[in-house]
Amino acid sequence: RVHSQIFCELCEDAGTRLIAINDNVDTSIGNWRLNAAFASMRHEMYNADTAKRIRRSLRNRFEHGGVLGVQVFGIIKPLGANKDSELSKNPKAQPIYDEMFRLLENGASYSEVADWLNDTKVELPPYARSKKWRCSLVTQLIHNPILKGLRVRNRKISKRINETGRHKSVAAPPEELLERDCPHLAFIEPARYDLL
């Protein structure tokens, strides 16, 4: 972006020669500013095109059952599986989910459900960083629509913050949302899940 050109100017001010071979930029040659501007614009266009291509590819893979993501508690992912049709439910997880939903439906808090999971020594999900069940982990799990047999993608997108050059996660526009029915992975009836 424009910062690369500013960096070239700082090099010139400091009496340092900058050479970017692939972009044909050499600050010791008089026309370097024009070459740097074109190189910056070209790279910005390439980056945008690459990002769109990756998004298209991921959308297509998701629509065909791919892009499995993080493994959810109670769902078995065989080694080498790359489609949701290859996933299955762990029958031992069904009574645990039934009790979690029963507790919540009867007014228990997520923290109380986490305490129950810890007291009954329920194994943590594979992605968990903590050593025990916590309120945030239970909340994240219960709010995952895969429990009713629905895979969801693109609820959030990455947005560039121009001031810092970093990205932050923001809510995606509704047209970006992708959903895929996987009834063989449902632990809870959709009506019961939606009600809770």
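This is a short tour of a predicted model, stop by stop. Local features need pLDDT of at least 70 and side-chain atom pairs count only at pLDDT 80 or more, while totals for chains, interfaces and linings use all residues. Residues are numbered from 1 along each chain as its sequence is written, and side-chain values use heavy atoms, with hydrogens and water left out.

**Stop 1: helix α5.** Select residues 135-142, which make up α5; helices here are DSSP runs of H or I, at least four residues, numbered from the N terminus. Colour Leu137, Val138, Leu141 and Ile142: they are buried (under 20% relative accessible area; exposed is over 50%, partly exposed in between, with a 1.4 Å probe and protein chains only). These four sit on the same side of α5, because they cover an arc of only 125° around the axis, taken from the directions from the helix axis to the C-beta atoms.

**Stop 2: what α5 packs against.** Show α3 (94-105), α4 (110-119) and α6 (190-195), the packing partners of the buried α5 residues. Then zoom in on Val138. Leaving aside neighbours within four places in sequence, Val138 is in contact (heavy atoms within 4.5 Å) with Met100, Tyr110, Val113, Ala114, Leu117 and Trp133.

**Stop 3: the largest nonpolar core.** A nonpolar core is a set of buried Ala, Val, Leu, Ile, Met, Phe, Trp, Tyr and Cys residues joined through side-chain atoms within 4.5 Å. The largest has 29 residues, and Phe73, Tyr97, Met100, Val113, Leu117, Trp133 and Val138 touch the most other members. Two or more residues each come from α3, α4 and α5, with α3 giving the most, six. Another core of six residues lies apart from it, including Cys11, Leu18, Val25 and Trp32.

**Stop 4: Arg33 and its partners.** Which side chain meets Arg33 in a salt bridge at 3.9 Å, N to O? Pick Glu9. A salt bridge is a side-chain nitrogen of Lys or Arg within 4 Å of a carboxyl oxygen of Asp or Glu. Glu9 lies in α1 (residues 2-13) and Arg33 in α2, so the pair ties together parts 24 residues apart in sequence. Arg33 is partly exposed, at 37% relative accessibility.

**Last stop: α3 again.** Select Arg102 and Glu99, a salt bridge with closest N and O atoms 2.6 Å apart. The two are three residues apart in α3, about one helical turn.
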